[in-house]
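Work through the exercises below with the sequence and model at hand. Each task is followed by a solution in steps.

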Amino acid sequence: MRAIDTNMQLSQTLFGTTFSNPVLLAAGTCGFGEELEDALDLRSLGGIVTKSVTLEPRAGNPAPRVVEAGNAMLNSIGLANPGLERVCAEKLPWMTEHLSGLQVFVSVAGHVPEEYWRIVEGLESTGGFLGYELNLSCPNDTRLGGLPFALDPEALKGVVAGARVLTDRPLLVKLAPNVPDIGPVAEAAEDAGADGITLVNTMPGLVIDVESRTAALGAGSGGLSGPALRAVGVNAVHRARACTSVPLLGVGGITDAGDAIQYLLAGASLVQIGTATFADPRTAQKVCKGIARHGDRTGVEKIQDLIGAYQGANRPLSVTEGAH
Ligand code: RRO
């Protein structure tokens, strides 16, 4: 793709490096970049997040792994990935050769804190990526005997603090939407050493086939994504912005530039495109162009002028207004 023809400055410096624009591809939607190589010019993007990497290879959950769920998608992939050894031997060399100049975060997942730390240690001496996104919020493969770490702030802090001492690279933490208030969870991630926070992973959901009375997904319940999740994600960014000062990455239900701008206004510095890429692999590029068009049309000179510019309730109502 040619550089976008715009007066708006889309680039920004974050985590000590330059992001040419604010639109990334979300974890689990582009493999390690190779899955979309033929469909779009990856280097036109702000960056990508890889499929979550586990210590051992994982075949994933039984099919079907993806079903429609109203204005949403439900998945239970089950963390299918080649495992740390093959990622180091095959994926990172490919990424180094083909994606140089693109900002890449490697998503990391595990059942116990030590697995996260061993993966970070295993990747640390290799090149081909900028930083990590700790996936503490997969709804389909929880930590041993419990909830995802992102639902337990004390446990989350332990994982993040342990990873923090192992690397100087940017460390993102990906949170789950299904908590009463995500603000304090984001605060816990920041306190433990996160450089940035990604909000949100998918929402636990279930689709039942009424004829067979069994789950539509092979594995039963799954994670809900797509437009139905967007308002949840935007609110999560808004809450996290109020409670933290690190850069935020907004993800959930973005299909066009307007959706992405909502996340930016709520306080996200970067956005990630997930489900919409499956329908149209060029969504991220279109979103980026649309942000630039919005900026040119409304006189926004640089992306930073949109970030956090949400003005609050349109017309705050008192419950007693109009009462006599
Ligand atoms: O692989 C999955 O089933 C999966 C993961 Br790791 C995740 O973080 N979120 C999701 O919806 N699915």
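**Exercise 1.** Find which polar side-chain atoms and which backbone N or O atoms lie close to an oxygen atom of the ligand, as polar contacts (pairs of N or O atoms within 3.5 Å).

*Solution.* Start with N75: a polar side-chain atom of N75 lies 2.8 Å from a ligand oxygen atom. Next, a polar side-chain atom of N135 lies 2.8 Å from an oxygen atom of the ligand. For I77, a backbone N or O atom lies 2.9 Å from a ligand oxygen atom. On its own the ligand has 310 Å² of accessible area, and the protein covers 92% of that (Shrake-Rupley method, 1.4 Å probe).

The model is predicted, with pLDDT of at least 70 required for local features and 80 or more for side-chain atom pairs, while totals for chains, interfaces and linings use all residues. Residues are numbered from 1 along each chain as its sequence is written, and side-chain values use heavy atoms, without hydrogens and water.

**Exercise 2.** List the residues around the ligand (a heavy atom within 4 Å) and sort them by class.

*Solution.* The list is K51, N75, S76, I77, G78, L79, N135, C138, P139, N140, N201 and T202. Sorting gives four nonpolar, seven polar and one charged, with Gly counted as polar.

**Exercise 3.** Name the helix or strand that gives the most to the lining of the largest pocket.

*Solution.* β6 (73–75), β8 (131–135) and α7 (275–279) each supply at least two lining residues. Of the elements, α7 gives the most, with three residues. The ligand sits in this largest pocket (more than half of its atoms within 2 Å of the grid points).

Methods. A residue is near a molecule or strand if one of its heavy atoms lies within 4 Å of it. A polar contact is a pair of N or O atoms within 3.5 Å; within protein, one must be able to donate a hydrogen and the other to accept it, and residues adjacent in sequence count only if both atoms are side-chain atoms. On a 1 Å grid over the protein atoms alone, a cavity is a set of points where a 1.4 Å probe fits but cannot get out, and a pocket is an open set with protein on both sides within 12 Å along at least five of seven lines; lining residues have an atom within 4 Å of a point. Helices (H or I, at least four residues) and strands (E, at least two) are DSSP runs, numbered from the N terminus.
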